[in-house]
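Work through the exercises below with the sequence and the 3D structure at hand. Each task is followed by a solution in steps.

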Amino acid sequence: MTYPFIPIGLIAIFIVYVLYLLLIKKDIKKLKLILYPGLFFIAIWVVIYYFLLK
C-alpha cells in the first residue's frame with residue numbers, strides 16, 4: 001500500500017533536482033525546460049489526492 005507515497009517521493013526528487021540546477025549547475029535554460037512539466041505533474045497529483053481524500 002505504498003502507491004500513494006510514490007508521487008511524494010518523485011516530487012521530493014524533483015525539488016532536489018531543481019535546487020541542483022539552480023545552486024550548483026546554474027543552468028537556467030535547462031531549468032526552464034524541466035520546471036513546467038514538473039509543476040504540471042505536481043498539479044495533477046494534487047488534484048488526484050484532493051478527490052481521493054475528500
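**Exercise 1.** State which residues form the nonpolar patch on the surface, and which helix gives the largest share.

Step 1. Ile 15, Leu 19, Tyr 20, Leu 22, Leu 23, Ile 24 and Ile 28 make up the patch, and together they have about 670 Å² of accessible area (Shrake-Rupley method, 1.4 Å probe, only the protein chains shown counting as cover). Patch residues have over 30% relative accessible area and no salt bridge, and nonpolar side chains are joined within 5 Å; a salt bridge is a side-chain nitrogen of Lys or Arg within 4 Å of a carboxyl oxygen of Asp or Glu.

Step 2. Helix H1 (residues 5-25) supplies the largest share, six residues; helices are DSSP runs (H or I, at least four residues) numbered from the N terminus.

The model is predicted: local features need pLDDT of at least 70, side-chain atom pairs count only at pLDDT 80 or more, and totals for chains, interfaces and linings use all residues. Residues are numbered from 1 along each chain as its sequence is written, and side-chain values use heavy atoms, without hydrogens and water.

**Exercise 2.** Classify Leu 22 as buried, partly exposed or exposed.

Step 1. Buried means under 20% relative accessible area, exposed over 50%, and partly exposed in between.

Step 2. Leu 22, in helix H1, has 38% relative accessibility, so Leu 22 is partly exposed.

**Exercise 3.** Explain why the rings of Tyr 17 and Tyr 20 count as stacked.

Step 1. Rings of Phe, Tyr and Trp (its six-membered ring) pair if their centres lie within 6.5 Å; planes under 30 degrees apart are stacked, over 60 edge-to-face, the rest tilted.

Step 2. The structure holds four aromatic pairs. For Tyr 17 and Tyr 20, the centres are 6.3 Å apart and the planes are at 25°, so this pair is stacked.

How values were computed
Patches are made of residues with over 30% relative accessible area and no salt bridge: like charges are joined within 9 Å, nonpolar side chains (Val, Leu, Ile, Met, Phe, Trp, Tyr) within 5 Å. Helices (H or I, at least four residues) and strands (E, at least two) are DSSP runs, numbered from the N terminus. Buried means under 20% relative accessible area, exposed over 50%, partly exposed in between (1.4 Å probe, protein chains only).
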